[in-house]
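Opening the notebook on this one. I want to go through packing, core and chain contacts.

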Amino acid sequence: MFDDFFIRALVAGVGIAIVAGPLGCLVIWRRLSYFGDTLSHSALLGVTLAYSFSLNIAFSVFVISAVVALLLVSLQKRTKLAGDSLLGLLAHSTLAIGLVLIGFLSYIRFDLMGLLFGDILAVTTADIGLVWIGGSIILIILYFIWKSLFSATVNYDLSAAEGMRPEVSNFIFTLLLAGVIALSIKMIGALLITGLLLIPAAIARNISNSPRQMIVIAILSGILSVVVGLFASLEINTSSGPSIIVVALLLFIISLVPLEIKGQLQKR
Amino acid sequence: MNENNNLLVRLKDCGVQKSSKWIVKGISLEIHKGKIVTLIGPNGSGKTTTAKMALNILKSDEGSIENYSTKMAYVPQKISIDWTMPLRVIDFMNLTSHINKDEIIEALELTGVQHLIYNEIHNLSGGEFQRVLIARAIAKKPDLLVLDEPVQGVDFNGEIALYNLIKEICTKLNCGILLISHDLHFVMSATDHVICLNGHICCSGSPKSIVKNSSYIELFGEHNAATLSLYQHEHDHSHQTDGSVKN
């Protein structure tokens, strides 16, 4: 019925959406969307380094994202700049370094559009294995640190006082975020990964009233965006990443409707 | 190791330094099971910082901290929950440990907010949220309870009821309590040990001894000190209905 590459993209995309759901919720709760952006911009540098030294792309992206996250922490301690300025500095300088490096690698045929916006044709069977195994590992780790991470999101001091060791879980969370970016770069592209983290969680926030519900809805709307977005991408021949994000945006607009109705009812 | 089974926390000459300035210095205190220790002092005198040292949130830059508590519960002074998170009271009650529903309801009943159990935290008033915070700490059944201005924003009657509850919990759970409070009446009538802070320990001791201390009077002013001495005075005799003294 469908081409093999399309099935592969669907299977990988659904896996990414499942992992992105809970992590996206945390990104929203902790107001880390710009942090996610920084990590994904630095992912481009990871990809070019992977090509230069013929490394595994996901591995290289993960390492670079983790390094950028650590750099941020140490810069925050050393400078007097606010977090958002440092994030901007890191985001754009890593993106720039990545693009400069691409210039040097002229002997390799580069699909820059693919890197920035995702390419479903690029998803191989090995990538599916990577997404599902890597994704499972991320979710299992997240399950074990959840209580600590969640309580620290609500209040850091309270979490620390009551023996939750939030400093450890915060650090692990950063690595998990780097992990999910590494898994999804091929599919969604460096510029749009944060969208897949954020928008499904934002949809979920509109229509849920408990943390658990929000996570489940984030996962479901992520899956729906991926499936519909990939079909659209196939039908009208557009890049996979933007198509998925546009579908997610449409779902977000739809999710505003119940909010609007509720508001109207309350006025009466 | 722990020579005294009732000892929960011991701070010995502790202090916290921030950008080469000491926020508090030379703090020594002990918290025992079944006793209430109160920190009083003006704004910025290091009360919260001292409490955070006792809770192991802040490391001391000098001296030593011994903590034998197995379960601590904390009611922070200021807590703002991001509206990006859909959090109900019941979710909040389960924040750091799983507590079964009956116990959650029981604790919320104690602070008078059981009807709010499924409400979103953001829709609570300041006083209601404060009651939920206290209920959460109690429901954990801690052996060390640290309360940082726990009744802020609570209505007048509620304030008295909550202070009585704190006293009651202390006996019932046999837990140690470290309380930061501006309510000198409660401090003087219900606590076992008072520490008067102003960057360092100005004076400390039993409520009775402290109201006579000159540095206490200096810190809180003649007027307050006098009010409280008067309060103390009430304990050694009783009044008739017209105000004249019995005997």
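This is a predicted model: local features need pLDDT of at least 70, side-chain atom pairs count only at pLDDT 80 or more; totals for chains, interfaces and linings use all residues.

Below are my entries, in the order I looked things up.

Residues are numbered from 1 along each chain as its sequence is written, while chains are lettered from A and ligands numbered from 1 in the order in which they are written.

**Helix pair one.** I took α2 (residues 33–52) and α4 (residues 83–104) of chain A; they pack at an angle of about 20° with axes 8 Å apart. Helices here are DSSP runs of H or I, at least four residues, and strands are runs of E, at least two, numbered from the N terminus. Axes are lines fitted to C-alpha atoms, for helices over the stretch in contact, with angles from 0 to 180 degrees between N-to-C directions. α2(A) and α4(A) are therefore roughly parallel (under 35 degrees; over 145 is roughly antiparallel, 65 to 115 roughly perpendicular, the rest oblique). The crossing is left-handed, meaning the near helix is turned anticlockwise from the far one by less than a right angle; clockwise would be right-handed. On the α2(A) side I noted A:Tyr34, A:Phe35 and A:Leu45 among the residues that meet α4(A), whose own set includes A:Leu87, A:Leu90 and A:Ile97. Contact means C-beta atoms, placed from the backbone, within 7 Å. By class I get eleven nonpolar, seven polar and two charged residues, where Ala, Val, Leu, Ile, Met, Phe, Trp, Tyr, Cys and Pro are nonpolar, Asp, Glu, Lys and Arg charged, and the others, Gly among them, polar.

**Helix pair two.** Next I put α2(A) against α8 (residues 166–188) of chain A: the axes come within 10 Å and cross at roughly 50°. That makes α2(A) oblique to α8(A). This crossing is right-handed. A:Gly36, A:Leu39, A:Ser40, A:Ala43 and A:Val47 of α2(A) make the contact with A:Leu177, A:Ala178, A:Ile181 and A:Ile185 of α8(A). The tally is seven nonpolar, two polar and no charged.

**Core.** Which residues touch the most other members of the largest nonpolar core? I listed A:Val61, A:Ile181, A:Ile185, A:Leu196, B:Val146 and B:Ile177, out of 156 residues. A core is a set of buried Ala, Val, Leu, Ile, Met, Phe, Trp, Tyr and Cys residues joined through C-beta atoms within 7 Å. Buried means 20 or more other C-beta atoms within 10 Å of a residue's own; 12 or fewer is exposed, and in between is partly exposed. Leaving aside neighbours within four places in sequence, A:Ile185 is in contact with A:Ala43, A:Val47, A:Ile57, A:Val61, A:Ala190 and A:Ile193.

**A:Ile203.** I found this residue in helix α9 (residues 193–207) of chain A. A:Ile203 is buried, with 27 other C-beta atoms within 10 Å. Beyond four places in sequence, A:Ile203 is in contact with A:Ile217, A:Ser221, A:Leu251, A:Phe252 and A:Ser255.

**Chain B.** I count eight helices and nine strands, and buried residues make up 41% of the 247 residues. Eight of the eight residues of α1 (residues 47–54) of chain B are buried, so this helix is largely enclosed by the rest of the structure. Just after α1(B), B:Asn56 takes a positive phi of about 70°.

Methods
Two residues are in contact if their C-beta atoms, placed from the backbone, lie within 7 Å.
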